[in-house]
Amino acid sequence: MFSKLISLAVLATAVNAEHWIFGGSKLIAQTRLDSIVNPNGIGTHVHAIVGASGFSNVYDPDELMKSNCTTIPVQPDKSNYWAPQMYHQDQQGMLTPIQTGFNIYYLVRNGPKNEKVHAFPKGLRMLAGDTARRTYNASSFADQAVSYVCLDYSGAHNNDPDWAERPNFFDHNCPNGMRAQVFFPSCWDGKNLDSPDHKSHMAYPVQAYNTGDCPDSHPVHLVSLFYEMFVSVDQFDYHGAGTWVLANGDTTGYGHHGDFQNGWDIDLLQEAIDTCTAAQGNVMDCPPLKAVFDQDAADACVLQTSLVDEDIGLTAPISRLPGCNPIYGSGKAESCADFATPQLVPAQTPLPSGWTELGCIAEGTSGRALPALQTKDPNMTKAMCASYCGSHGYKLAGVEFSDECYCDNAVKNGASTSFLSWTECSAHCAGNNNEICGGAAKLSLLSTANPGAAPVSSSSSATSVSSAAPKPVSSANAPSSVSASSVAHTSAAATPSAPSAATTSATRTSSVAATSAVYASSIAASSAAVHTSAAASSAAVHTSAAASTSSAASPVASGPAGWTSVGCITDDTARVLNEYSYESDTLTADSCLASCAAKGYSLAGIEFGKECYCGNSLKTQNGAGKALAASSCNVPCIADSNTLCGGTWALSLFKRTGTIAIPSPSPAPSNSTNVSDLPSGWTAAGCATDVPGRALNVDAYTSEQMTIGACIAHCAARGHTMAGLEYARECYCGNAFANGGGAPLADAQCDMACAGDAGRVCGGRMALSLFKKAKTAAKRGAHKARHFGRAHAHSDML
């Protein structure tokens, strides 16, 4: 615990000082770049970087201020804030970057002389801390300015000296994470925007590192800047010294530091300093900043420049730190001879040649906007979707909800090319976290004049669908200024496409992959049905004549000579028949069986009226392929309304030779009104109506392993008292129903087994299996800007 040099009188003045916090600010990049210390080159170690999307290895304030956006919610602040990435080192020496976010504080501290506080001058850059430091000088303000707080919200360690704020790493784990903190000097020499060591043009106040009057050598008093880097160390084990390692190789914590480069609208910052005297942390209490606060833009912001082309451990642990950074105290000598200098690569995968991005559009009002063809892939990028659609002859491609791709030659079903605000599309691509792939019922729309294959209309004959995901291509992607009028549009109704056979179970391998759960940050803004997986396409309105035919009058196809009907079985995203498939708007049972026979397959399955699947064996490793009641295969063939062709994730199965054993149906899943073993305080509340804007619209995610317990845990961890599961794999959270949803439904309306627990029900089509937690007497506070990790106040800072 380092000594406190601040006097009680000065502290009393500072406690209620004007300040605001950009809380929970997400990273714009994790990469080995440092435009201050290593301009025009590759940095020495990996940094976690927050702020402007134009961050690069060169700092030009004019160019930085032209950035498309920033992860700071006040968009006119195009500054960048960064610190070394922290890694977890396991007992075998493997290193994993720890999840990180930032709280950025701006504090107006005039000092005892009540000096005027100024905004940062244009072009200012500075560094606080020392990457090479491995010891602590208690009399140094620069050393005091770097500290750590171990978070334990239980209060079990209050007043325990071993858990108090300190200048180095703790000797134990932190139950709720750790804050690595840096306080920047606030006194400027008034002349130099930088200095050779990136520090000498700045100085700490006379009285203390975090408040006081400026020395004569640095007379210009600037607004105080303070970082809290919140590090989720609680997600890993602790096994003693060396468990936590900064990207520079430091295992003590003394070498932590922070960098800042100014990109502010300086007049706005000065206005905030001068007028926001009532602000006590909440940005919303500062009118000039509140007026330009845009959390949606911050959430949707992605890096527009380049990253260092190297593995920094985001997808799998690495054996040594990027760059030549031997781990301090390890006793291992490390040669840097084999460290080749990596190159820069675009953060966003370039689109195929001839493709451009048009903008963000809403899904159709009566079905999919692009219904001709679709696929879903855990490595989805915009380039992958464009390549996939182009290879099948389509001129339009749309990516949605991170991992879904849709194709056609015109937008249909009531969709419009009246482009929405770019922030409406805020879902990061499943295969590249630095790209946006649509949103909740929103498409990132792509277009080309030459798709690279013979044009295919949505009413064409059979179109083969490759079972392998298309590979991204790397040609240039120029920003598009194409107007909406350049996109074909039709109001003619078309039957939305069912899940494509091109679904793959491949795991993510991108070095910039996001977490496996896809979060819908713009769920609340949805104005149309939110389709969170390829399976959800069945919730769309079917307008074809075939679909309007009563299934009761539609017999099961007997098939051509030599084929017999086996019955109705379950399908899943991995496909129980996955050796060949296609879909067609002219599909009949006979045409599917004939196609499978012509290719030498002995099994054929028909699904969702227009999809044909072939194979020689059932792939049942994920529990699919089980017998269903005949009523589950209830969708008429699209080209033969008198015959049934499967259903939603249900195959009408036929065999040509041999005997196929079909597993017995699973026991009926437990309905949501009859669920035991729920987390403490939670009870089942029956089946409830969902609505296009979502009845529970605060938070959501989708998972192929969804269970009731996982959804409740997700919602509870975020402080919500209501959890709803829908369509087998979707989870929604909130504290009250919204948008007119939540009306009670009969239990039978919630009829879909959970994707991760076939014995229980996880909602239905626009039907929520609802769970509630008893509310306590505590009231939720008014909305504030994001802010986390503050359970332990700073006696020395606030």
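A residue is called buried when its relative accessible area is under 20%, exposed when over 50%, and partly exposed in between, using a 1.4 Å probe and protein chains only. At 66% relative accessibility, Ala291 therefore counts as exposed.

## Basis of the model

This is a predicted model, in which local features need pLDDT of at least 70 and side-chain atom pairs count only at pLDDT 80 or more, while totals for chains, interfaces and linings use all residues. Residues are numbered from 1 along each chain as its sequence is written, and side-chain values use heavy atoms, with hydrogens and water left out.

## Residues in loops

Helices (H or I, at least four residues) and strands (E, at least two) are DSSP runs, numbered from the N terminus. Ala291 is placed in the loop between helix H5 (287-290) and helix H6 (295-300). Its C-alpha atom is separated by 8.7 Å from that of Val74, although the two are 217 residues apart along the chain.

Asn159 is in the loop between S9 and strand S10 (178-183) and is exposed, with a relative accessible area of 81%. Tyr727 lies between strand S38 (722-726) and strand S39 (730-734), and counts as buried at 2% relative accessibility.

## Strands and sheets

Strands of a sheet pair through backbone hydrogen bonds, either parallel or antiparallel. Here two strands pair if DSSP finds at least two bridges between them. Ser25 has Phe102 in S7 as its bridge partner.

Strand S8 (residues 125-129) pairs with strand S16 (residues 257-261) in the antiparallel sense, also over five bridges. Met126 stands opposite Phe260 in S16. Four of the five residues of S8 are buried.

## Aromatic rings and the core

Rings of Phe, Tyr and Trp (its six-membered ring) pair if their centres lie within 6.5 Å; planes under 30 degrees apart count as stacked, over 60 as edge-to-face and the rest as tilted. The count comes to 19 aromatic pairs. Phe120 and Phe260 have ring centres 4.9 Å apart and planes at 50 degrees, so this pair is tilted. Phe120 is in the loop between S7 and S8 and Phe260 is in strand S16, 140 residues apart. Both residues are buried.

A nonpolar core is a set of buried Ala, Val, Leu, Ile, Met, Phe, Trp, Tyr and Cys residues joined through side-chain atoms within 4.5 Å. The largest one has 64 residues, and Phe120 and Leu225 are among those with the most contacts inside it. Another core, of 19 residues, lies apart from it and includes Met384 and Tyr388.

## Helix H9

In helix H9 (residues 708-717), the buried residues are Ile708, Cys711, Ile712, His714 and Cys715. They cover an arc of only 160 degrees around the axis, which puts them on the same side of H9; the arc is that of the directions from the helix axis to the C-beta atoms. After H9 comes Gly719, with a positive phi near 80 degrees.
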